[in-house]
Amino acid sequence: MGMLAAFTGVIRRDLRLSLRHRGDLAMALLFFVIVVCLFPLGTRPEAGLLARYAPAILWVAALLSTLLTLERLFRSDFEDGSLEQMLLSPYPTPWLMLAKLLAHWLSTGLLLVLAAPILALILGLPAKVIPILLLSLLLGTPILSLIGAIGMALTVGLPRGGMLLALLVLPLYAPVLIFGANSVSAAVDGLPVQGPMLLLAAMLVLALTLAPFAIAAALRVSVE
Amino acid sequence: MSPISPSFSAQSLTCHRGGRTLFRQLSFDLAAGSLLEVVGPNGSGKTTLLRILSGLRTPDEGRVLWGNQPIAEAEDDFSENLSFIGVQSGLKRELTPIENLAFSLSLARTSRLTPEQALQALRLCPFADIPCQRLSTGQNRRVALARLLMLGSPLWILDEPLTGLDTDSRIDFERAMFAHAEQGGIVVLTTHHPITDPQSALRRLELV
C-alpha cells in the first residue's frame, strides 16, 4: 500500500476490466481496420495513389478509433461511483489517472500500433517505411489517449457528451496528425524524419506531464 | 485507528442549488465517538451535504474542518482518515467482491482487516468469487460495507447505507456502526428509516 501499489492496483483493475469486455477491444480494432479498408473502395485503382495517402489514412483512422474508445475511460467509473472513490483516495489523483491512461493505452492504442503494419501493406505503403510508421504511432497514440482523456473528463458528467467530445478533442488532435502523418510521408520520399519525430516525442512528454493534472481538475468539476 | 482522537466539524455551511437554498448557516461539531444521522425528505439536500462533508463538492459558504484544519488544505491527512459510501456503492459490476476489495485496499494507506476477513464479517464468503453484477442489490451494499470494515478509517460518511439490506444485515450493520463509534470513530449517515438507538451517542440533524 504505497504510491506504486496504488499505481499498479489501478492498472491491474483496468486491464482486468478490459479483458472482461473483450468485445469492446475487438470493436475499436475492427473499426480501425474497416475505416482503412474503405479507402481503397472509394478511390480509383490508380497506381501509387493510395500509397501516397496511406500515412494520412492510417493516422486519421487511428485518431477516430481512439475517439471511440474514450467513452470507456471514465463513463462507467463515473456511473458506479468508483471514480469518487479514486478522487477521495489519499494518493494524488493525477498519479492514479496516469495509471488509468497507461492501462487504456495498453488495451487500445497498442493494439492499433500492432495492426498498423498489415494495413499499411494493404494500402501499398513501401515495407521499408513501416518501422517509421510504427515509431510514429508508438509516440503518437499515447498523446491521443492523454488529450482525449481531458475532453472525456470534462464531458463525463453530461448525459449525451459524445458529440461534444468529438468537437472538443478532434481539433486538438490536429498537431499530432500533422507531425505523425508527415513523418511517414517524409520517410516515403526519402527525406529525414528526425524533425517531426522529435516534435512528436516532445508532445508526448508534454502531454504525459500536464494531461494528468488537467484530467484530475476536470474530473473534480464533473463529479460536483 | 489513528492515535490522535479525531474531531470533525462544519462551520456555517450554506449551499444553493438550482436557485434554491438547500441549507443556510449549518454548523455542527462531532467529537470522537459520535454519530450524526441526517434526516429529511427527498430533495432536502442530504446527499449534497454529505458530498460537501467528504470534500467532493465545495460549499457556497462556510467550511468543513478535520481536527483544526479545513479539509481543502488538509487534503491528504483528511482523505486518509475518510471512508465514503455514496448513493452508488463504487463497486465494479464485472469484478468479484474480493477483487473490488483488493482494489480499494491498494488505494488506501492503512487498513484494519484483510479483504477475506472483511467479507467474513458480513457473511459474504460464499459470494467472494462471483462477479458483483450477479449479486443482489443488498449483497452489493454489504460488499461496500465490508470495505468500511476492511479500511477501518476513523471517519465514515455514508449515504443511505441501509438501503436494500434485509433485517439481519441491517442489525449487523447498525451494530458495526455503534461499535465503530465506541472505539472513537465518527459516523455521519443519511437514512430514510430512523435507526434504533441503543446509546446516546446518536445525534439527529433534520433538513427541511
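This is a predicted model: local features need pLDDT of at least 70, side-chain atom pairs count only at pLDDT 80 or more; totals for chains, interfaces and linings use all residues.
Two strands count as paired if DSSP finds at least two bridges between them, and the helices (H or I, at least four residues) and strands (E, at least two) are themselves DSSP runs, numbered from the N terminus. With that in hand, hello everyone, and let's look at chain B. B:Thr14 stands opposite B:Glu61 in strand 4 of chain B.

A quick word on where this comes from. Residues are numbered from 1 along each chain as its sequence is written, while chains are lettered from A and ligands numbered from 1 in the order in which they are written.

Back to the sheet. In chain B, four strands form an open sheet with the order 2-1-4-5 and antiparallel pairing. Strand 2 (20-31) and strand 5 (69-70) of chain B stand at the edges with a single partner strand each, so one side of each has no neighbour in the sheet. Strand 1 (residues 7-17) of chain B is joined to strand 4 (residues 61-66) of chain B by five bridges, and the two run antiparallel. Within that pair, B:Gln11 sits opposite B:Arg63.

What packs on this sheet? Helix 1 (residues 46-54) of chain B does, touching strand 1, strand 2 and strand 4 of chain B. Contact here puts the C-beta atoms of two residues, placed from the backbone, within 7 Å. The direction of that helix makes about 130 degrees with that of strand 1 of chain B; axes are lines fitted to C-alpha atoms, for helices over the stretch in contact, with angles from 0 to 180 degrees between N-to-C directions.

B:Ser12 lies in strand 1 of chain B. Is B:Ser12 buried or exposed? B:Ser12 is exposed, with 12 other C-beta atoms within 10 Å. The cut-offs are 20 or more other C-beta atoms within 10 Å for buried, 12 or fewer for exposed, and partly exposed in between, with C-beta atoms placed from the backbone. B:Glu160 also has a positive phi, of about 50 degrees, although it is not a glycine. B:Glu160 lies in the loop between strand 7 (155-159) and helix 6 (167-182) of chain B, and is partly exposed, with 17 other C-beta atoms within 10 Å.

Now over to chain A, with nine helices and zero strands. Its radius of gyration is 18 Å, close to the 17 Å that the globule rule gives for 224 residues, so chain A is as compact as a globular protein of that length. That radius is taken over C-alpha atoms, and the rule is 2.2 Å times the number of residues to the power 0.38. The C-alpha atoms of chain A fill a box of roughly 60 × 35 × 30 Å along the principal axes. Of the 224 residues in chain A, 45% are buried.

How do the two chains meet? The contact takes 21 residues from chain A and 24 residues from chain B. Helix 1 (3-20) and helix 4 (82-87) of chain A each supply at least two residues of the side of chain A that touches chain B. Helix 1 of chain A gives the most to that side, with seven residues.

Leaving aside neighbours within four places in sequence, B:Ala146 is in contact with several residues, including B:Leu101, B:Ala118 and B:Leu119.
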